[in-house]
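Student: I would like a close look at a single part of this protein, and at how that part sits in the whole chain. Please take it step by step.

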Amino acid sequence: MILEVKGKRPSWGRACYIAGNATLAGDIVMGDDCSVWFSAVLRADVDAIRIGDRVNIQDGACIHESGGAPTILEDDVSVGHLANVHGCVVRRGALVGMGATVLDHAEVGEGAIVAANALVTQGTKIGPGEIWAGCPARFVKKAKPGQAEEYARHYVEAKAWYLANE
């Protein structure tokens, strides 16, 4: 479902896959080679959602924003199944794990990993290449180089399987 809200309609680049039961509403701009999977919801009715290239938003994830806190997902970001990403910045090549929550004004650094079911509280700054886990999330260790980006590459391949059937 693609919905216009307050005169703003979602837009996206080339070779994107948006599952038939995903919802995109409002001020959303998405780059090329992205995928939005089954039952994901992206709602930009208060502020903006900006998504780079090769981003994947997996099944059941929720992307929202707050007034004065747009959600920004840079290139090669993966948002896991049932994750909640709200009014924050997720830098290039980072991974937000399944069921994780990232709250307003938080920043997930380049190539960083937010572990499954972690809670990144408001205003938290996660450094580049760091792995954070727990509730509230805390630094655990450094990620291996390219560890998070591997997921984004897989989803660029997976979306091609679905685009081939359209």
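Student: Of the contacts in the protein chain with a separation of 6 or more, what percentage comes from residues 24 or more positions apart? After that, please go through the pairing of β19 and β20.

Tutor: Keep in mind that this is a predicted model. Residues 24 or more positions apart supply 11% of the contacts in the protein chain that have a separation of 6 or more. Contact here means heavy atoms within 4.5 Å.

Now to the part you asked about. Strand β19 covers residues 130-134, and strand β20 covers residues 137-142. The two strands pair in the antiparallel sense, with 5 bridges between them. The link from β19 to β20 is a hairpin of 2 residues.

The protein chain contains 20 strands and 1 helix. Along the principal axes, its C-alpha atoms fill a box of roughly 40 × 35 × 20 Å. The radius of gyration is 14 Å, which agrees with a compact globule, because a globule of 166 residues would have a value near 15 Å.

Of the 166 residues, 51% count as buried, where buried means under 20% relative accessible area. The chain exposes about 7,500 Å², and 54% of that area comes from carbon and sulfur atoms. As for charge, the chain has 16 positive and 20 negative charges, and the mean positions of the two sets lie 3 Å apart.

Note on methods. Residues numbered from 1 in each chain as written. Predicted model: local features only at pLDDT ≥ 70, side-chain atom pairs only at ≥ 80, totals over all residues. Heavy atoms only, no water. Pairing = 2+ DSSP bridges. Helix = DSSP H or I, 4+ residues; strand = E, 2+ residues; numbered from the N terminus. Rg over C-alpha atoms; globule rule 2.2 N^0.38 Å. Buried < 20%, exposed > 50% of the residue type's maximum accessible area, 1.4 Å probe, protein only. Areas by Shrake-Rupley, 256 points an atom, 1.4 Å probe, with all protein chains shown as cover. Lys, Arg positive; Asp, Glu negative; His and termini not counted. Charge placed at Lys NZ, Arg CZ, Asp CG, Glu CD.
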